[in-house]
Amino acid sequence: MNIIESNMKHHLMNRLYLQDSSLGLGDLTFTGHLGSGNYGNVSMVSNKKNNFAYAIKGISRKQI
């Protein structure tokens, strides 16, 4: 008996991968520049292990 449909299970598993707290900056590869704002730049990066894409914001310490 399946409690969760397979596509919902797949979605939930992907969400768990996105919440990986052991991920460090060394595990990421720069993919591209998404934009700039008043306090920093937003870049697209991907995880070297599973190729998931993330948006990461870099903020200048001087402006904080």
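Patches are made of residues with over 30% relative accessible area and no salt bridge, with nonpolar side chains joined within 5 Å. The views below come from a predicted model.

**View 1. A nonpolar patch built from M13, L16 and Y17.** These residues form a surface patch of about 310 Å². Y17 belongs to helix α1, which covers residues 6-18. Its relative accessibility is 43%, so Y17 counts as partly exposed.

**View 2. H10 on helix α1.** H10 sits in helix α1. This residue has a relative accessible area of 52%. Exposed means over 50%, so H10 is classed as exposed.

**View 3. H10 and S43, a pair set apart in sequence and space.** Along the sequence, 33 residues separate H10 from S43. Their C-alpha atoms lie 26 Å apart. H10 is in helix α1, whereas S43 is in strand β2.

**View 4. S43, a buried residue of strand β2.** Strand β2 runs over residues 40-47 and includes S43. The relative accessibility of S43 is 15%. Buried means under 20%, so S43 falls in that class.

**View 5. The contacts of S43.** Residues up to four places away in sequence are not counted here.

Terms used: Residues numbered from 1 in each chain as written. Predicted model: local features only at pLDDT ≥ 70, side-chain atom pairs only at ≥ 80, totals over all residues. Heavy atoms only, no water. Patch = residues over 30% accessible without salt bridge, like charges linked within 9 Å, V, L, I, M, F, W, Y side chains within 5 Å. Areas by Shrake-Rupley, 256 points an atom, 1.4 Å probe, with all protein chains shown as cover. Salt bridge = Lys/Arg side-chain N within 4 Å of Asp/Glu carboxyl O. Helix = DSSP H or I, 4+ residues; strand = E, 2+ residues; numbered from the N terminus. Buried < 20%, exposed > 50% of the residue type's maximum accessible area, 1.4 Å probe, protein only. Contact = heavy atoms within 4.5 Å.
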